[in-house]
Amino acid sequence: MKVAIAIFVTLILVNTLYSQWEPEINISNSPDTTSFTSPNNSWCIASSGSFVHAVWWESLGLAGDIWYRRSINNGVNWETKIQLTSGQRSETPAIAVSGPYVHCVWRDDRNERNEIYYRRSTDNGATWDEDARPLKFNTEDENSESPSIAVSGSYVHVVWAHTRTAEEDTYAIYYIRSTDN
C-alpha cells in the first residue's frame, strides 16, 4: 500500500512540474501565412518587474520592419503593437531593459549597406525616441550584422559583427557602450 501511495504522489508531482506553461499567444497578430518572422540570433524579449517587452522582424516582401509590443502584467495581456521602423529592410532586432529604459538595436540597409541602428524608450516602451545610428564608421564598404544588446544600470552594451573590406566573409566582432542610457 505504501508503494502505491508513493507512486501516486510521484506521478502527481511530476505532472505538476510539467504543467506550468500557459497557452501561447500570437503577439504579432499576424497570420502565419502572410508574414515572415526571421530566425533571430539576438535577444528578442526582455522583462523588468511586471513589464515584458518583445521585438521582432516582420516582412511582406523585400522590405522588413521592426515591431515592438509590451505587456504590463507579466504577459497576461499585450498592448497594441508599435512599428519601430518603416519601409527599410530592417532585421535581427535585439532588446534589453533596465528599469523604465528599454533599448533596441537592429540591422538596417536604408543607406544601401548594412548598418546597426538604435532606438530607446524612457517610459517602459509607451513612447520611443527617434532611431539613431551610433555605430558610425568612415568607410564606404562597411557591412554590419547580428547586433546584440545588454544593459546594466545606466550602461548600455552593444556588440555586432562588422567587416570593413569588400570581402563579406572577413567579419570581426565590435563593441560600443553608452554610460548614460
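User: Does Asn124 count as buried or exposed?
Analyst: In this predicted model, the relative accessibility of Asn124 is 14%. Since the cut-off for a buried residue is under 20% relative accessible area, Asn124 counts as buried.

User: Where is Asn124 found, and what is its phi?
Analyst: Asn124 belongs to the loop that runs between strand E7 (115–121) and strand E8 (143–152). Most residues other than glycine have a negative phi. Asn124 is not a glycine, and yet its phi is positive, at about 60°.

User: Which strand holds Thr92, and what is the phi of this residue?
Analyst: Thr92 is found in strand E5, and its relative accessible area of 12% makes it buried. Although Thr92 is not a glycine, its phi is positive, with a value of about 45°.

User: How many bridges join E6 to E7, and which residue in E7 is the bridge partner of Asp108?
Analyst: E6 and E7 run antiparallel, and they are joined by seven bridges. For Asp108, the bridge partner in E7 is Glu115.

User: Which element gives the largest share of the largest nonpolar core?
Analyst: The largest nonpolar core has 13 residues, and those with the most contacts inside it include Val55, Ile66, Tyr68 and Ile95. Two or more residues come from each of strand E2 (51–59), strand E3 (64–71), strand E5 (90–98) and strand E6 (101–108). The largest share of this core amounts to three residues, and the element that gives them is E6.

User: Which residues does Leu84 touch, not counting residues up to four places away in sequence?
Analyst: Leu84 is among the residues with the most contacts inside the largest nonpolar core, as are Cys104 and Trp128. Leaving out residues up to four places away in sequence, Leu84 touches Val55, Ile66, Trp67, Tyr68, Cys104, Arg119 and Trp128.

User: How many residues are in the second, separate core?
Analyst: Besides the core that Leu84 belongs to, there is a second, separate one, which includes Ala94, Ala96, Val151 and Val158. The number of residues in this second core is ten.

User: How many residues apart in sequence are Val156 and Ala96, and what is their C-alpha to C-alpha distance?
Analyst: Val156 is found in strand E9 (residues 155–163), where it is buried, with a relative accessible area of 4%. Not counting residues up to four places away in sequence, the residues that Val156 touches include His103, Ile149, Ile176 and Asn181. Val156 and Ala96 are 60 residues apart in sequence, while in space their C-alpha to C-alpha distance is 8.6 Å.

User: What is the N to O distance in the salt bridge of Glu79 and Arg70?
Analyst: Side chains of opposite charge can pair when their charged atoms come close. Glu79 is partly exposed, at 31% relative accessibility, whereas Arg70 is buried, at 11%. In the salt bridge where these two side chains meet, the N to O distance is 2.6 Å.

User: Which residue forms a salt bridge with Arg110 at 2.9 Å, and which one at 2.7 Å?
Analyst: Arg110 is partly exposed, with 29% relative accessibility. Asp108 is buried, at 0%, while Asp131 is partly exposed, at 25%. Going by the closest N and O atoms, the salt-bridge partner of Arg110 at 2.9 Å is Asp108, and the partner at 2.7 Å is Asp131.

User: How many residues apart in sequence are the parts that Asp131 and Arg110 tie together?
Analyst: Asp131 lies in the loop between E7 and E8, whereas Arg110 lies in the loop between E6 and E7. Because the two residues sit in these loops, the pair ties together parts whose separation in sequence is 21 residues.

User: How many salt bridges does a search of the whole structure find, and which residues do shared partners join into one network?
Analyst: A search of the whole structure finds nine salt bridges. Where salt bridges share partners, they join into one network the residues Glu91, Arg107 and Glu145.

Conventions:
Residues numbered from 1 in each chain as written. Predicted model: local features only at pLDDT ≥ 70, side-chain atom pairs only at ≥ 80, totals over all residues. Heavy atoms only, no water. Core = buried A, V, L, I, M, F, W, Y, C linked by side-chain atoms within 4.5 Å. Buried < 20%, exposed > 50% of the residue type's maximum accessible area, 1.4 Å probe, protein only. Helix = DSSP H or I, 4+ residues; strand = E, 2+ residues; numbered from the N terminus. Contact = heavy atoms within 4.5 Å. Pairing = 2+ DSSP bridges. Salt bridge = Lys/Arg side-chain N within 4 Å of Asp/Glu carboxyl O.
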